[in-house]
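The sequence and structure are shown first, and the description follows.

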Amino acid sequence: MASSATLFDRCEAYVRDSRQEFEDKLAEMVEIPTISMDPERKADCRRGAELARQYLEAIGARAEIVETPGNPVVLGRLETGADNPTLTIYNHLDVQPADSGEWHKPPFTFFKEGDRYEGRGTTDDKGPALAAMMAARFAYQNEAPLNINIVWELEEEVGSPSFEHFVKNNVARLKTDSLLVSDTIWISRKKPAIPYGLRGAMMFTMTLETGAKDVHSGLTGGPARNPIGEICKVISQCYDADTGRVKIKGFYDDVRRPSKHEVRSFLESGFSTSKFKAAHELNKLRFNDEERVLKAVMTEPTFEVHGITGGYQGPGVKTIVPHQAQAKLSCRLAPDQDAKTVFKLIREFVRKQNSDIKTEFISGLEAYLGDFSGKYAVAAAEAMKFAFGRKPAFTREGGSIGAVVTMKKYLKAPIVFLGLSLPEHGYHAKNENFDWSMAAGGMKMFVRYFDEISKMSDKMSDKL
């Protein structure tokens with residue numbers, strides 16, 4: 001293998017020469033609508049998996065499509081020697097649905113404008129996945145003493161319901177010294193960020209039926225119960241919509257509070273409330289203090305109402321009293337909170353407010369909290385600084401990645417998050433996009449990280 005200096009010189013040229021290939025592959029991937037949420041797109045998810053397998057084989061990996069009870073998982077391996085350490089890279093290739101009426105261009109047609117790439121999946125998570133794959137090819141071709149597993153999932157956007165089946169049935173061949181996840185977001189383009197924590201999630205519904213059919217409000221209005229109104233009343237008793245604070249006794253009992261050191265690192269991330277609002281197109285926040293906003297997103301649980309159905313939804317006003325209503329809700333969970341425990345607290349509280357409302361558990365996922373010190377964190381920070389020119393901040397993410405919890409449980413290896421997405425890239429939003437500067441920097445970052453961990457020794461400092 002070449003010296004590190006020579007390796008990185010070659011890497012610069014490799015990245016520069018790989019741009020057209022990266023763009024061509026990203027275009028191919030984006031134009032397959034791998035929407036895991038839509039049963040009618042199951043064949044497209046299969047097409048996406050087959051294309052991914054071909055890409056991995058083309059870089060020299062031993063690759064296969066592994067079946068699960070749901071969508072398949074694509075598994076590749078670049079083998080360099082049994083005595084070398086093994087790194088497993090995780091990304092997902094499924095995407096969120098996209099309403100074409102909201103986009104200024106068709107969401108599943110790839111568009112390039114200068115250094116900017118637009119299309120559903122460009123940043124979440126096909127662009128980062130390709131950047132990691134192309135960096136892995138470079139490391140392999142330059143004889144880096146590192147075995148690399150590549151795991152590409154196609155159900156992350158629906159909570160990874162089949163991923164545990166995949167991991168549990170392939171533990172032996174997934175044995176690894178460390179894991180790398182590239183599915184996270186920086187706080188600001190000007191400041192790299194390495195998350196070490198994710199919130200958990202718990203999804204549930206409230207349903208109330210007060211009659212057999214919708215009825216005329218002129219004939220029954222007054223004595224007839226209105227299930228939409230009653231559900232709204234109970235929701236308002238569960239939490240304060242002005243502050244987001246949950247009113248249910250015991251809800252916050254198990255929440256682990258961040259240390260002062262962690263909060264300082266959050267504040268070093270380049271965050272500002274004005275940029276936060278602009279990136280997410282928010283008119284106004286509940287509160288504007290930067291520390292409070294960061295703690296709320298990164299370390300605190302939530303109570304969210306995602307939709308209420310029932311009654312008349314067409315144009316104009318149809319004067320009926322609905323007979324049924326349902327609210328779709330979730331809680332983001334902080335470290336140490338248990339999804340089933342939180343659900344039981346909510347269900348009991350709702351029963352006391354309105355015993356006719358049926359509260360049902362849909363799914364739950366625990367939070368993840370890793371380490372932001374130690375040799376892998378040192379290597380990650382060095383790699384980000386090398387590629388992007390600035391020391392990264394260690395942060396937590398407000399979202400959830402089900403596969404991370406599963407890999408922690410079964411593979412029991414250190415997990416490092418090296419994401420490439422920015423707030424303005426539009427995760428899950430209209431006009432999702434990615435850009436060449438993040439892709440190119442990402443390839444350099446991954447190569448540097450591969451080099452660091454391939455020669456890792458106990459002499460490396462455990463402190464940042």
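Which residues gather in a patch of negative charge on the surface? The patch consists of Asp253, Asp254, Asp338 and Glu366. Patches are made of residues with over 30% relative accessible area and no salt bridge, like charges being joined within 9 Å. The model is predicted, so local features need pLDDT of at least 70 and side-chain atom pairs count only at pLDDT 80 or more, while totals for chains, interfaces and linings use all residues. Residues are numbered from 1 along each chain as its sequence is written, and side-chain values use heavy atoms, with hydrogens and water left out.

Glu366 counts as partly exposed because its relative accessibility is 45%. Buried means under 20% relative accessible area, exposed over 50%, and partly exposed in between (1.4 Å probe, protein chains only).

**Salt bridges**

Side chains of opposite charge can pair when their charged atoms come close. A search of the whole structure finds 29 salt bridges, each defined as a side-chain nitrogen of Lys or Arg within 4 Å of a carboxyl oxygen of Asp or Glu. Three of them are listed below.

| Pair | N to O distance |
|---|---|
| Asp115 and Arg19 | 2.7 Å |
| Arg116 and Glu118 | 2.7 Å |
| Arg225 and Glu230 | 2.8 Å |

Salt bridges that share partners join Arg19, Glu23, Lys112 and Asp115 into one network.

Aspartate 115 forms a salt bridge with arginine 19. This pair links distant parts of the chain, 96 residues apart: Asp115 lies in the loop between β4 (111–113) and β5 (116–118), and Arg19 in helix α2 (residues 19–30).

**Two buried loop residues**

Thr302 is found in the loop between α10 (290–298) and β11 (304–309). With a relative accessibility of 14%, Thr302 counts as buried. Leaving out residues up to four places away in sequence, Thr302 touches Arg199, Phe251, Ser330, Cys331 and Arg332, where contact means heavy atoms within 4.5 Å.

Leu420 lies in the loop between β17 (415–417) and β18 (433–435), and counts as buried at 0% relative accessibility. Beyond residues up to four places away in sequence, the contacts of Leu420 include Pro128, Trp186, Phe388 and Gly442. The C-alpha atoms of Leu420 and Gly442 are separated by 6.5 Å, although the two residues are 22 residues apart along the chain.

Notes: Patches are made of residues with over 30% relative accessible area and no salt bridge: like charges are joined within 9 Å, nonpolar side chains (Val, Leu, Ile, Met, Phe, Trp, Tyr) within 5 Å. Accessible areas come from the Shrake-Rupley method with a 1.4 Å probe; for residues, only the protein chains shown count as cover. Lys and Arg count as positive and Asp and Glu as negative; His and the chain ends are not counted. The place of a charge is taken as NZ of Lys, CZ of Arg, CG of Asp or CD of Glu. Helices (H or I, at least four residues) and strands (E, at least two) are DSSP runs, numbered from the N terminus.
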